[in-house]
Amino acid sequence: MAAEGTGHHGPMEQFEIKKIIDLDLLGHDISFTNSSLMMVLAFAVIVGYMLFAMRGRALVPTRIQSTAEVVYEYIAGMVKENIGEEGMKFFPWVFTIFIFILVLNIFGLIPGNFAVTSHIIVTFALAAMVWLVATFVGFWKHGVSYLKLFAPSGVPLWLMPIIIPIELTSYLIRPISHSVRLFANIMAGHTMLEVFAGFAVLLPWWGKIAPTGFMVAFTGLELLVAFLQAFIFTVLTCIYLNDAVNMHH
């Protein structure tokens, strides 16, 4: 309450999940929160943008249609390059993952908005979904032979007791490494912006120039990071799917 009275907010307060609509299901808290709101808004913006961009499919594309087509072709090329033609059946799913994370990352940069991807539970849920789908596809396509992924060909038999546990462990921790990379980068960037925003507010007018200039430059960098983190998450998704589809090691 003291913080509210002084108007001072710490840099970590921006990551607080707040209830908007209190909901309970059989004793479980399923409240609609600021995080839920951002995800719903991101979904609405993505669907609205794609429908609006593709509504006419003009022979000479408009700027909006061109941007949608560039993103579409970019992700399609990524899928083909990493998985091959057979991987195009996963293209709608991979495309959705990329655009959803990208929009959430950008939304989080708007002052007053909640940065959904700065929470490990969200990024872990996305990474766990990718891991489960890739594992299911691997066993569905190759059966028990998918276990050969953990025993690379060409490795001497006497090394197998060492290699197999290492390969198995690296496979099992994929959801953790996949999720932490996104969460840590977004959280660190937002914390830095909040810290320098605090400096700009507290300092006298002549002292605001440096932190304000840094904030503008750092916001530009964070826009690049927003794209790069969505890109990296999607590339790793394609790599994991490639292991499942083609079992290349």
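1. Basis of the note. This is a predicted model, in which local features need pLDDT of at least 70, side-chain atom pairs count only at pLDDT 80 or more, and totals for chains, interfaces and linings use all residues. Residues are numbered from 1 along each chain as its sequence is written, and side-chain values use heavy atoms, with hydrogens and water left out.

2. Overall fold. The protein chain contains 8 helices and 4 strands; helices (H or I, at least four residues) and strands (E, at least two) are DSSP runs, numbered from the N terminus. Their order along the sequence is α-β-β-β-β-α-α-α-α-α-α-α.

3. Of the 249 residues, 36% are buried, where buried means under 20% relative accessible area, exposed means over 50%, and partly exposed lies in between (1.4 Å probe, protein chains only). Among contacts (heavy atoms within 4.5 Å) with a separation of 6 or more, 67% involve residues 24 or more positions apart.

4. Helix α5. This helix covers residues 120-142, and its 23 residues should span 33 Å at 1.5 Å a residue, which agrees with the 32 Å between its end C-alpha atoms. The expected span is 1.5 Å times one less than the number of residues. Buried residues in α5 include Val122, Leu126, Val130 and Val137. Just after α5, Gly143 has a positive phi of about 70°.

5. Thr117. This residue lies in the loop between α4 (91-107) and α5. Thr117 counts as buried because its relative accessibility is 0%. Leaving aside neighbours within four places in sequence, Thr117 contacts Leu104, Asn105, Thr123, Leu182, Phe183 and Ile186.

6. Salt bridges. The whole structure holds 3 salt bridges, each defined as a side-chain nitrogen of Lys or Arg within 4 Å of a carboxyl oxygen of Asp or Glu. Side chains of opposite charge can pair when their charged atoms come close. One of the bridges joins Asp22 and Lys19 at 3.7 Å, N to O, and both residues are exposed.

7. Glu86 and Lys141 form a salt bridge at 2.8 Å, N to O. Glu86 lies in the loop between α3 (63-83) and α4 and Lys141 in helix α5, so this pair ties together parts 55 residues apart in sequence. The side chains of Asp243 and Arg174 meet at 2.7 Å, N to O. This pair links helix α8 (residues 209-246), which holds Asp243, with helix α7 (residues 174-202), which holds Arg174, 69 residues apart. Both Asp243 and Arg174 are buried.
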